[in-house]
Amino acid sequence: PYVIDKVTNPNNGEIVQNHGPEEKGQPITEETAHKVKEVLASTITSDAGTGKKFALNGYTLAGKTGTAEIPNPATGDYFRGASNYLYSFIGMAPAEDPQLIVYVFVQQPKLQAGQVGSDPVAQLFKSITESSLKYMNILPEGAEVNEAKKLADYTGKDSEVAKEELEQHGYKVALVGEGGVVETHSPEKGAKLTEGSVVILKTEGATVLPDFTGWSKKTVLSFKMLSGLDIRMSGEGYVTEQSLSEGTKVAPQEPVVIQLQVPSASFQKGQETGEEEEMIIGG
């Protein structure tokens, strides 16, 4: 492994040093590596395991907890007290074929009554790791794989007929306009969609707002383009709030504010307690 990727001359951009991983031989056997991985997995699955609280929903995990003392420069000794430590966890998932390694450490957390140092580490680790695995399209155990299907052309059809047919295929339908003949739709004909995807049908007339919750930014932008509404977005990720409720009939000049958050931001918001908490997260 290496830390510094490359060193360049700031004056002319010339690469002075270019680093990369160097193979130094095989430090342990494959058999030993598998055995260690099994032991690390047992810290999560064993009744006596120290990492049980780090278990993921639908994913196998192998990992190790850590606790480190923190030097106190004022005394030359170490800080003392229940929360004056650096708590950490490193885990890899899925355990049988690791695709992701996540390391989280929390320094001197302000613990609530009944909490221990590993609690905030576990909350962060699980949120980050589960979101990352899903982002990498690594499905949890037991999850059904939905095959993408090509979207048919609904232009010219009655919106009610199109809506019924789309919902039979497992899609969610949002209507722009008051209904009637479908002028166009987004995504367009031929787009590959999985069940649960949103299809927007454009018709004549005033638009009634849908429930945007869970929509991606891209889908909201498509709705904005087809409707011509003054939709203003704040944040990245997926919709969590909207300024006007579902069912509101909106004039083109009336602003609609949409709030988006990535999964990690939603988690952090839920953790806010009004107290400052120093957290150092490495990954």
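Start by selecting Lys-163 and Glu-167, whose side chains meet in a salt bridge with an N to O distance of 2.7 Å. The model in your viewer is a predicted one. Now colour helix H3, residues 159–168: Lys-163 and Glu-167 sit four residues apart in this helix, so about one helical turn separates them.

**Second stop: a helix and a loop**

Next, select Lys-217 and Glu-236. These two form a salt bridge as well, and their closest N and O atoms are 2.9 Å apart. Which parts of the chain does this pair tie together? Lys-217 belongs to helix H4 (residues 217–227), while Glu-236 is in the loop between strand E14 (230–234) and strand E15 (238–242), so the pair links parts that are 19 residues apart in sequence. With the surface still on, you will find Lys-217 partly exposed at 27% relative accessibility. Glu-236 counts as partly exposed too, at 48%.

Keep the salt bridges in view and select Glu-69, Asp-77 and Arg-80. Shared partners join these three residues into one network of salt bridges. Zoom in on one of its links: Asp-77 bridges to Arg-80, with 3.6 Å between the closest N and O atoms. Are these two residues buried, partly exposed or exposed? Asp-77 is partly exposed, with 38% relative accessibility, and Arg-80 is partly exposed with a relative accessible area of 48%.

Is His-185 buried or exposed? It is buried, with a relative accessible area of 4%.

Which backbone atoms lie by the polar atoms of the His-185 side chain? One is the backbone nitrogen of Tyr-154, 3.1 Å from a polar atom of that side chain. Another is the backbone oxygen of Pro-187, which lies 2.8 Å from a polar atom of the His-185 side chain.

Then widen the selection to the residues around this histidine. Leaving aside residues up to four places away in sequence, His-185 touches Leu-151, Ala-152, Asp-153, Tyr-154 and Thr-155, along with Ile-200 and Leu-201.

Move to Thr-29, in the loop between strand E2 (15–18) and helix H1 (30–45). Its side chain is joined to that of Thr-32 by a polar contact of 2.9 Å. Thr-29 is partly exposed, with a relative accessible area of 42%.

**Last stop: a nonpolar patch**

Bring the surface back and select Val-3, Ile-4, Val-7 and Val-16. Together they form a nonpolar patch on the surface, with about 390 Å² of accessible area. To find your bearings, look for Val-7 in strand E1, residues 6–8. This valine is partly exposed, with a relative accessible area of 31%.

Conventions: Residues numbered from 1 in each chain as written. Predicted model: local features only at pLDDT ≥ 70, side-chain atom pairs only at ≥ 80, totals over all residues. Heavy atoms only, no water. Patch = residues over 30% accessible without salt bridge, like charges linked within 9 Å, V, L, I, M, F, W, Y side chains within 5 Å. Areas by Shrake-Rupley, 256 points an atom, 1.4 Å probe, with all protein chains shown as cover. Salt bridge = Lys/Arg side-chain N within 4 Å of Asp/Glu carboxyl O. Helix = DSSP H or I, 4+ residues; strand = E, 2+ residues; numbered from the N terminus. Buried < 20%, exposed > 50% of the residue type's maximum accessible area, 1.4 Å probe, protein only. Polar contact = N/O pair within 3.5 Å; in protein donor to acceptor, adjacent residues only side chain to side chain. Contact = heavy atoms within 4.5 Å.
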